[in-house]
Amino acid sequence: TSFPTIDTSSGTNFSYAWQNCSKLTSFPLLNTSNGTSFSTAWEGCTSLTSFPLIDTSSGTNFAAAWKACSGLTSFPLLNTSNGTSFNNAWSFCGRLTSFPLLNTSNGTSFNSAWYGCTSLVDFPANMFDTTGTLASNAFTTAWYNCALTAQSIENILVSLDTNGQSNIKLDIQGGTNAAKSTWTAAANTAYTNLINKGWTITFNLNHHD
């Protein structure tokens, strides 16, 4: 149910370290300043309701890091400025209602990153204004089965349009994500711009989809 503050200051690879520690109710402020891989590190820690502001400034791989942390009600403003892979990073975090404006300026893949975050209503603007070179499937099922408002969808689309890259797959359908019939003018403009850049975008057409 708890974990001690052991000396992890020299640790670089934290992949799978606490995977499926489903009874952990809190996590200590360990020194992870040299950590580069956090892949799957806390996946399935279903009893964590919050997460500490650990030092992830050297982290590059955050794939599935907090996947299925279904008890998390909020997420801290971690330093993810060196992160490249965010695939499945927060998928199935079903109690998150909002998400912080993380630095993803080096991110290249967000495949299924927020997949199944069924309570995720608020997503920030400007998150993807600058990224690394995006993979063609960078946002495949990224927000599938979420609860995004029309404003959140605008925030995502406008930021991706600002980013300027072409021929990427983006999924914002399923769940209770705002239907295209309710989107703002800015969201629709950004959508059109992305389609013209070769993007493939799936969305909820109306409230009945």
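This is a predicted model: local features need pLDDT of at least 70, side-chain atom pairs count only at pLDDT 80 or more; totals for chains, interfaces and linings use all residues.

Which residue in β2 is the bridge partner of Lys-169? The partner is Thr-200. Residues are numbered from 1 along each chain as its sequence is written, and side-chain values use heavy atoms, with hydrogens and water left out.

Let me continue with the strands. Strand β1, residues 169-172, and strand β2, residues 200-203, run parallel and are joined by four bridges. Strands count as paired if DSSP finds at least two bridges between them. Helices (H or I, at least four residues) and strands (E, at least two) are DSSP runs, numbered from the N terminus. Together with helix α2, residues 185-196, β1 and β2 make a right-handed β-α-β unit. Right-handed here means that, with the strands pointing away from the viewer, the path from the first strand over the helix to the second runs clockwise.

I turn now to the salt bridges, each defined as a side-chain nitrogen of Lys or Arg within 4 Å of a carboxyl oxygen of Asp or Glu. How many does a search of the whole structure find? There are two. In one of them, Lys-197 meets Asp-161, with the closest N and O atoms 2.5 Å apart. Lys-197 lies in the loop between α2 and β2 and Asp-161 in helix α1, so this pair ties together parts that are 36 residues apart in sequence. A salt bridge also links the side chains of Asp-171 and Lys-169, at 2.6 Å from N to O.

Is Asp-171 buried or exposed? Asp-171 is buried, with a relative accessible area of 3%, whereas Lys-169 is partly exposed at 27%. Buried means under 20% relative accessible area, exposed over 50%, and partly exposed in between, with a 1.4 Å probe and protein chains only.

Finally, consider the segment before α1, where Thr-1 is placed. Thr-1 counts as exposed, at 66% relative accessibility. Leaving aside residues up to four places away in sequence, Thr-1 touches Lys-23, Leu-24, Thr-25 and Ser-26, contact meaning heavy atoms within 4.5 Å. The C-alpha atoms of Thr-1 and Gly-94 are separated by 21 Å, and these residues are 93 residues apart along the chain. Leu-53 is found in the segment before α1 as well, and is exposed, with a relative accessible area of 56%.
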